[in-house]
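These are my notebook entries on a structure that I had not examined before.

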Amino acid sequence: MNILHLLIIIPLLTTVSVLCVKSMKAVRWATAVGMFFQLLTAITVLLVYMVIRQSGDTSEMVLMDTYNWYPSLNITYAIGVDGISCAMILLTAIVMFAGVFASWEIEYLQKEFFVSLIILATGVFGFFISLDIFTMFLYYELAVIPMYILIGIWGTGRKEYSAMKLTLMLMGGSALIIVALFGIYHSSGAPEPTFNLLELGKYPMSEAAQRFFFPFAFLGFGVLGALFPFHTWSPDGHASAPTAVSMLHAGVLMKLGGYGIFRVAMYLMPQAAQEQAWIFIVLTSISVVYGAFGAIWQKDLKYINAYSSVSHCGLVIFGLLMLNQTAMDGAILQMISHGLMTALFFALIGMIYSRTHTRQVFEMGGLMKVIPFLAVVYMIAGFASLGLPGLSGFAAEMTIFVGAFQHVDLFHRIATIFAISAIVVTAVYILRVVGTLLLGPVKNEAFMQLKDARWYERLSTLLLLVSVAGVGIYPQWLYQLIFDSLAPIAQKLAAAL
Amino acid sequence: MLVIAAVVIIVTELLVSDKNKGIVVPIAIALLFITMALTIAFPAEGRIFGGMYVADSLRTVVKLIMDIATILVLLQSNRWIKAAANHDKITEFFILIFASLIGMSYMVSAGDFIMLYLGLELATMPVCALAAFDKYKRVSAEAGIKLIYSSAFSTALMLMGITFIYAVSGSVYFDDIALSFQPDAMSMLGMTFILSGFAFKISLVPFHLWAADVYEGAPVAVTSYLSVVSKGAALFVLTWVLYNVFGSASEIWRQLLVVLAFLTMTIGNLFALRQENMKRFLAFSSIAQAGFILLGVLGEGQLGMGTVLFFLTAYVFTNIAAFSVVAAIDDATGKENISDYNGLYKTNKQLSLILMLALFSLAGIPPVAGFFGKLFLFNAAASQGYYWLVFIAVINATISLYYYLRPVRAMFIEKNDAPIPFFKSDWYMRICLILCVLGIFITGFVSAIFEYILSVS
């Protein structure tokens with residue numbers, strides 16, 4: 001049986017087992033064990049993929065499997081992976097595993113929480129392995145609705161408002177994607193209309209159709225990637241969500257947007273991408289800088305991180321829009337790097353909040369003396385965010401900017417310089433938070449009694465931290481993995497110039 | 001067969017004493033079941049009455065869908081019909097429902113306009129009586145009166161349209177008219193009137209004003225029946241007539257449908273946003289759904305008919321599931337407002353989950369049938385190039401998500417000091433709900449259902 005099916009079967013089995021067990025402890029352990037197996041499967045998929053590539057197989061996608069689902073409409077259940085999918089699957093598995101441990105203390109309606117979380121993850125895994133755009137969209141939608149339940153029931157602050165805003169805006173993005181979906185289906189050059197991605201890739205769409213549908217597809221996926229001006233769901237959504245949900249959402253779901261953009265929009269509509277890229281470059285540059293400035297204004301830890309996510313995810317799309325292999329490679333590297341980093345951040349913020357019961361930066365101080373483990377990890381995560389060499393942020397951002405500078409024309413250069421300026425702004429808010437929160441005198445006497453990280457908290461944060469450092473110190477294997485998989489789409493984009 | 005069933009029930013009414021009237025319920029359900037089984041086992045083909053009555057596999061499918069829907073409605077209505085206020089009218093309820101169903105069957109099998117009209121009238125009259133079934137509630141009587149006056153007016157309009165068409169083409173038979181149909185002034189006038197008559201039955205805007213009050217006032221079982229069976233049959237006949245009788249004027253009626261679809265979706269959605277009563281809420285949601293179905297009608301030929309019927313199948317299970325939960329809560333506590341549902345998840349888990357599932361299906365969220373239904377409808381419209389209409393439709397779908405999430409929010413998120421207490425529903429209701437849930441999941445995933453429907457379209 002194709003190993004990729006396991007990626008869907010394991011979460012479903014985990015859901016069933018969670019629903020069957022009785023005690024609260026059993027629920028947590030059932031989820032943890034299930035997600036551990038998912039992590040093992042993800043690592044295996046990556047290793048199998050690398051072995052297949054080593055043995056000389058150069059087909060576009062490997063480990064493929066196709067089942068005819070609706071023959072009359074040519075909808076298939078087609079799955080397969082390439083290097084980028086493997087990397088994203090691994091990212092999701094790591095974040096999900098860490099997220100389970102970050103939610104160890106949830107008690108209210110615990111079973112429902114974990115079930116919703118797993119359904120969310122299933123949607124994400126399915127999205128990454130699908131090679132048929134209808135099935136891709138099905139999984140994509142599946143991942144949106146549990147967000148409403150998760151934020152609405154277990155969130156904090158203005159949770160109902162945030163949940164509704166998030167859900168409606170993401171559905172609005174889906175609305176745009178639906179139009180593009182059917183546009184692609186009906187206007188492809190294929191002999192008969194099909195939803196299969198590889199088939200569609202072989203037969204390019206007419207230029208007029210591409211020009212019409214590319215904005216729909218790009219903006220539709222862009223909403224999920226928090227593209228300015230559709231990013232407004234992000235700050236409230238992340239701030240109100242419970243910890244694991246923020247981790248999964250900022251870490252993985254926002255990457256679905258970027259992934260969708262290059263897998264569907266750019267792959268199938270390269271001419272339109274080349275023509276219309278400049279419009280969207282303007283939007284993403286604003287996104288990057290706006291997010292960074294937005295973060296400076298904030299005083300709530302979660303809001304700071306949410307705006308920071310807007311900025312970094314904007315950088316992802318910025319890299320993709322540079323339309324050359326280097327920058328796109330950097331963009332995907334940034335997806336992975338930022339995914340791990342932001343998951344780490346949200347996990348830490350959740351842990352700090354559960355101790356101090358406040359998220360306002362200026363009410364806390366000197367946490368390094370009180371909870372040294374968490375503080376040190378937070379500091380390292382902060383350095384990763386601002387792009388310190390040796391951590392993953394540097395590798396990714398550097399690659400994007402190198403790729404961006406390969407364009408010699410004035411417009412691209414200015415946009416790139418504009419985006420680079422955000423690094424300085426990022427440094428400002430990161431260092432300010434680190435300084436105020438962790439160093440200096442202890443603001444509140446009651447904090448002296450706080451306990452440091454427990455074993456499950458150490459586990460989740462260390463896992464993420466090691467991943468971040470790993471990618472940062474030796475990014476070459478990942479870089480090469482992604483670079484090779486980008487070849488088909490880079491060729492198409494180059495040919496479309 | 002249905003006629004035989006109706007007669008059997010009348011006979012039972014005479015024979016059974018007052019106390020044992022309850023026995024009519026299982027008899028009725030069994031009879032309907034037997035009818036369905038016979039329909040599947042001996043599918044009819046051919047025409048009788050000189051071509052007035054047509055039977056083929058497409059019509060068989062439509063009738064089966066209606067039969068399933070009616071069985072579910074009958075299962076759902078068990079507790080209500082046995083309540084003290086209705087006890088003396090149990091058999092009347094079934095006779096009326098069967099009569100209406102017979103009318104729908106004739107309407108669906110019509111081969112000419114006279115049979116269509118006959119079926120339509122036979123289908124509508126009993127439902128008007130049924131809407132006023134709750135004798136002791138003023139809103140029910142109001143619903144009945146509104147329904148009968150509006151129906152009468154709209155069928156009169158339709159008859160006018162039929163007359164014009166007859167005047168131009170010299171025949172009432174569908175096949176003859178199709179051959180000679182030209183888009184001249186008189187025919188267009190006739191077509192518009194006929195379209196208006198149908199638009200009323202399907203509750204398209206601006207013919208929808210009766211829907212909210214009737215859905216709210218009538219007993220829940222009757223509302224379920226109206227919203228699914230009545231609407232479904234009318235939609236099928238409309239699609240058939242538009243494709244096969246008025247086929248040559250398709251550019252003209254397409255424009256009409258685009259406008260109607262846009263108005264219906266938008267206005268249905270906007271009004272649904274403000275509703276507090278669950279039944280009115282579901283009424284406006286039905287109106288908006290009808291707008292979405294029109295997108296499917298805009299597709300052509302096999303794809304159009306196939307997606308409309310597929311959506312109707314999904315819609316049957318979804319809508320009846322939603323109404324059944326409302327009925328269960330109404331029977332147990334008499335409460336109908338969304339705010340009364342606050343905190344329902346704490347006390348009645350399964351009912352909350354079923355309602356949530358039904359609402360998600362109505363909103364078009366995977367993995368339930370409504371997602372597939374909606375997307376196939378959009379596909380049908382896109383296949384003819386109506387991309388901007390699809391865009392408006394998906395924007396409307398997003399707006400509709402907001403109001404579909406309101407009961408979900410009430411049940412799961414809002415806290416309530418005095419939530420509706422836990423109650424058990426009787427076996428009939430449970431079977432109904434289980435069947436609906438199964439239907440919601442299976443219709444989407446098992447592609448064979450869609451493939452078969454498409455193949456006979």
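**Entry 1. A loop residue in chain A.** I began with A:Leu323, which is buried, with 23 other C-beta atoms within 10 Å. I note at the outset that the model is a predicted one. A:Leu323 sits in the loop that runs between helix H13 (301-321) and helix H14 (325-356) of chain A. I then looked up its backbone angle: phi of A:Leu323 is positive, about 60°, although the residue is not a glycine.

Entry 2. A:Ala226 is placed in the loop between H9 and H10 of chain A.

**Entry 3. Cis peptide bonds.** In the loop between helix H9 (207-224) and helix H10 (233-240) of chain A I also found A:Pro229. The peptide bond that leads from A:Phe228 to A:Pro229 is cis, and its omega is near 0°. In chain B I looked up the bond from B:Pro366 to B:Pro367, which is cis with omega near 0°. B:Pro367 belongs to the loop between helix H16 (349-363) and H17 of chain B.

**Entry 4. A helix pair in chain A.** I examined helix H4 (residues 110-129) and helix H6 (residues 145-154) of chain A, whose axes come within 9 Å and cross at roughly 150°. An angle over 145 degrees counts as roughly antiparallel, and H4(A) and H6(A) are therefore roughly antiparallel to each other. The crossing of H4(A) past H6(A) is left-handed. Which residues make the contact? From H4(A) I listed A:Phe113, A:Ser116, A:Leu117, A:Ile119 and A:Leu120. From H6(A) I listed A:Pro146, A:Met147, A:Ile149, A:Leu150 and A:Trp154. By type, the residues of this contact between H4(A) and H6(A) are nine nonpolar, one polar and no charged.

**Entry 5. Where the chains meet.** I then looked up the contact between the chains, in which 26 residues of chain B touch 25 residues of chain A. Helix H17 (369-383), helix H18 (387-413) and helix H20 (447-456) of chain B each supply at least two residues of the side that touches chain A. Which helix gives the most to this side of chain B? H18(B) does, with 13 residues. The residues on this side of chain B divide into 20 nonpolar, four polar and two charged.

**Entry 6. The nonpolar core.** The largest nonpolar core holds 373 residues, and those touching the most other members are A:Ala98, A:Ala265, A:Leu344, A:Leu348, B:Ala131, B:Leu295 and B:Val390. Helix H14 (residues 301-333) of chain B gives the most to this core, with 20 residues. I followed A:Ala265: leaving out residues up to four places away in sequence, it touches A:Phe214, A:Ala217, A:Phe218, A:Phe221 and A:Ala273.

**Entry 7. A phenylalanine in chain B.** B:Phe284 counts as buried, having 25 C-beta neighbours inside 10 Å. Beyond residues up to four places away in sequence, B:Phe284 touches B:Ala212, B:Gly268, B:Phe271, B:Ala272 and B:Gln275. From B:Phe284 to B:Phe164 I noted 120 residues in sequence and 33 Å in space, C-alpha to C-alpha.

Note on methods:
Residues numbered from 1 in each chain as written. Chains lettered and ligands numbered in written order. Predicted model: local features only at pLDDT ≥ 70, side-chain atom pairs only at ≥ 80, totals over all residues. Axes fitted to C-alpha atoms, helices over the stretch in contact; angles between N-to-C directions. Helix = DSSP H or I, 4+ residues; strand = E, 2+ residues; numbered from the N terminus. Parallel < 35°, antiparallel > 145°, perpendicular 65-115°, else oblique. Left-handed = near helix turned anticlockwise from the far one by under 90°. Contact = placed C-beta atoms within 7 Å. Nonpolar A, V, L, I, M, F, W, Y, C, P; charged D, E, K, R; others polar. Buried ≥ 20, exposed ≤ 12 C-beta atoms within 10 Å, placed from the backbone. Core = buried A, V, L, I, M, F, W, Y, C linked by C-beta atoms within 7 Å.
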